[in-house]
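This report walks through one protein chain, from single contacts to the whole fold. Please keep the sequence and the model in view while reading.

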Amino acid sequence: MRLLNFPSPVRRSIIIVFLLPGLAVSFVCVTLLLLFVPFGFIKSLFSSSDQDSLFRLIRLSLMVTWYLIMECFGVLVASVLWVSTFGGYFVKARWSQHTHGRVQYVWTSSILFGVRVFLGGHVIYPNCSDLQYGPFIIVAQHRSFFDATIPSVLTGMAGGDVILRHILKSDLLISPSLD
């Protein structure tokens with residue numbers, strides 16, 4: 001992706017500029033799809049076609065909207081944290097790292113909540129009590145966006161003082177909440 005070739009501040013700015021218009025378009029799409037629900041019911045009375053495709057599209061649109069809302073939340077909180085660390089000067093302080101970790105846990109948990117509510121996904125978490133205290137290394141094979149954020153949820157569920165350090169593949173730098 002050419003976007004990944006830009007320096008981090010430029011890449012973040014481009015993504016953040018397109019985040020709110022993307023959210024607005026998503027809201028419009030969900031609203032229009034919800035307006036077509038009565039027509040889908042009427043059509044299903046007169047034909048034997050599968051109306052479930054309309055509801056799948058609505059659920060997917062709601063999930064995309066939820067993701068964009070959570071992304072806006074992540075960017076807003078990251079901006080507040082950036083200001084509170086005096087432009088990143090104290091970003092390596094323990095309180096800052098702990099706060100960033102909590103925000104990442106809440107952000108990832110919220111996205112997984114959307115997957116459960118809108119897409120019917122189900123995540124089974126293992127016993128996380130061993131993740132309360134470090135140091136330890138989590139080696140994961142990241143095949144998707146969600147795989148890379150699962151350690152944040154697991155250590156957050158453990159409730160310990162572990163502060164994660166991530167090594168992300170370049171594709172994940174597109175998310176301003178992770179970058």
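## Contacts of L154

Leaving out residues up to four places away in sequence, L154 touches Y125, P126, C128 and L131. Contact here means heavy atoms within 4.5 Å. L154 itself lies in helix α5, residues 145–158. Is L154 buried or exposed? L154 counts as buried because its relative accessible area is 15%. The classes are buried under 20% relative accessible area, exposed over 50%, and partly exposed in between, with a 1.4 Å probe and protein chains only.

## Basis of the model

This is a predicted model: local features need pLDDT of at least 70, side-chain atom pairs count only at pLDDT 80 or more, and totals for chains, interfaces and linings use all residues. Residues are numbered from 1 along each chain as its sequence is written, and side-chain values use heavy atoms, with hydrogens and water left out.

## The chain as a whole

The chain has five helices and zero strands. Its order from the N terminus is α-α-α-α-α. Helices (H or I, at least four residues) and strands (E, at least two) are DSSP runs, numbered from the N terminus.

Of the 179 residues, 31% are buried. The accessible surface is about 11700 Å², and carbon and sulfur atoms hold 68% of it. Areas come from the Shrake-Rupley method with a 1.4 Å probe; for residues, only the protein chains shown count as cover. Among contacts with a separation of 6 or more, 72% join residues 24 or more positions apart.

## Helix α1

Helix α1 covers residues 8–35, 28 residues in total. It reaches 40 Å from first to last C-alpha, close to the expected 40 Å at 1.5 Å a residue. The expected span is 1.5 Å times one less than the number of residues.

Where is the kink in α1? It lies at L19, shortly before the proline P21, and comes to about 30°. The bend is the angle between axes fitted to the seven residues ending at a position and the seven starting there. L19 is also one of the buried residues of α1, as are R11, I15, L23, S26, V30 and L33.

## Nonpolar cores

The largest nonpolar core has six residues: M63, M70, W107, I111, V115 and F118. Two elements give two or more residues to this core: α3 (52–84) and α4 (94–119). The largest share, four residues, comes from α4. Such a core is a set of buried Ala, Val, Leu, Ile, Met, Phe, Trp, Tyr and Cys residues joined through side-chain atoms within 4.5 Å. M70 touches W107, S110 and I111, not counting residues up to four places away in sequence.

A second, separate core has five residues, including L19, L68, C72 and V75. In soluble globular proteins, nonpolar side chains tend to be buried together.

## Cysteines

How many disulfides are there? The count is zero, where a disulfide is a pair of cysteine sulfur atoms within 2.5 Å. C72 is buried because its relative accessible area is 17%. C29 counts as partly exposed, at 38% relative accessibility.

## After α5

V162 lies in the segment after α5. With a relative accessible area of 21%, V162 is partly exposed. Leaving aside neighbours within four places in sequence, V162 is in contact with L131, Q132, Y133, G134, F136 and T155. V162 and Y133 are 29 residues apart along the chain, with 5.8 Å between their C-alpha atoms.
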